[in-house]
Amino acid sequence: MAITREFLKHQLICGKKMEDPDLVATNLSPAGVKDLLRKDLDARDPWNISSCEYEQKRLHAIMELCLGGRTLGDVLEIGCAAGALTERLSIYSQSLTVVELMTEAIAKAQERVNNSDIIWHEQDVCQMDLNAKYDTIICTEVLYYIHEKERLRGALENIVQLLRSDGQFIFGSPRNAVCRSWGHLFGAEAVLELAQSRLRIVDLRRINGGLPGQDCVIAKLTRR
Ligand SMILES: C[S@@+](CC[C@H](N)C(=O)[O-])C[C@H]1O[C@@H](n2cnc3c(N)ncnc32)[C@H](O)[C@@H]1O
């Protein structure tokens, strides 16, 4: 189901804002987040990305959105998990660089994709140190792991700095309500609201799988 920018604007105006008093935050520290991720990455198919129909629909929508009417060029993927998206991106990109926080995820993705042309960096999106610019940057289901607004703002600024002037940023996240139910503070609407001073939404999709937790937004953004 596609949602329009007007719908999103409506959500941003009428929906719950970041400052709502009833937000349930777990206040996870970066070390706490790593513990959580380590447990998730221990599964055979972390987050069921390769086995769940909703996740397949989500990956398909991400690829459709980033390929729509253009080539991907030099691509930066942030947060690769076990490489399901990396595998697809490696087919369409001119060059592919991956930034990922967790050693365990890089090992799993490398085993799955097995492509010696991919450049891997074990780095935090909040502290990326890359000496390049990219035509396409993809960061889906990653930013909700950041629990402080200033770090989130920093991560978005890092992304803007790495994006070529005519580049595209593909962002994806479960919506605020889903993230809150998982104990995370900043879902899709919150991140897009924060991003709008530096980036403009040019396309937006909503994927709803009909089950709890299966409600996300995927957006294509460009620099302002
Ligand atoms: C839920 S998976 C999403 C995978 C993939 N992007 C997708 O959309 O299917 C989140 C991934 O982001 C990584 N991640 C979480 N926080 C990160 C950070 N601060 N910097 C870089 N990667 C991070 C996790 O280790 C994990 O591999």
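I began with a term: two strands count as paired if DSSP finds at least two bridges between them. I note that the model is a predicted one.

**Entry 1: the sheet.** I looked up the strand order and found an open sheet of 7 strands, arranged β3-β2-β1-β4-β5-β7-β6 with mixed pairing. I then located the edges: β3 (119–122) and β6 (199–208) each have a single partner strand, so one side of each has no neighbour in the sheet. On average, neighbouring strands of this sheet are turned by 15 degrees against each other, direction ignored.

**Entry 2: β2 and β3.** I examined strand β2 (residues 95–100), which runs parallel to β3 and is joined to it by 4 bridges. Within this pair, Val98 has Trp120 of β3 as its bridge partner. I followed the chain from β2 through helix α5 (residues 103–113) to β3 and recorded a right-handed β-α-β crossover.

**Entry 3: β5 and β7.** I turned to β5 (residues 163–174) and β7 (residues 215–223), which pair in the antiparallel sense over 6 bridges. Here Phe169 has Leu221 in β7 as its bridge partner. Helix α8 (residues 188–195) packs on the sheet and touches β5, β6 and β7. The direction of α8 makes about 155 degrees with that of β5.

**Entry 4: the ligand.** Which residues are the closest to the ligand? I found Arg58, Gly79, Glu100, Asp124 and Thr140, among 18 residues that surround it. A polar side-chain atom of Arg58 is 2.7 Å from a ligand oxygen atom, and one of Glu100 is 2.5 Å from a ligand oxygen atom. For Gly79, a polar backbone atom lies 2.7 Å from a ligand nitrogen atom. Finally, I recorded that the ligand taken alone exposes 600 Å², of which the protein buries 97%.

How values were computed. Residues are numbered from 1 along each chain as its sequence is written. This is a predicted model: local features need pLDDT of at least 70, side-chain atom pairs count only at pLDDT 80 or more; totals for chains, interfaces and linings use all residues. Side-chain values use heavy atoms; hydrogens and water are left out. Helices (H or I, at least four residues) and strands (E, at least two) are DSSP runs, numbered from the N terminus. Axes are lines fitted to C-alpha atoms, for helices over the stretch in contact, and angles run from 0 to 180 degrees between N-to-C directions. Contact means heavy atoms within 4.5 Å. A crossover is right-handed if, with the strands pointing away from the viewer, the path from the first strand over the helix to the second runs clockwise. A residue is near a molecule or strand if one of its heavy atoms lies within 4 Å of it. A polar contact is a pair of N or O atoms within 3.5 Å; within protein, one must be able to donate a hydrogen and the other to accept it, and residues adjacent in sequence count only if both atoms are side-chain atoms. Accessible areas come from the Shrake-Rupley method with a 1.4 Å probe; for residues, only the protein chains shown count as cover.
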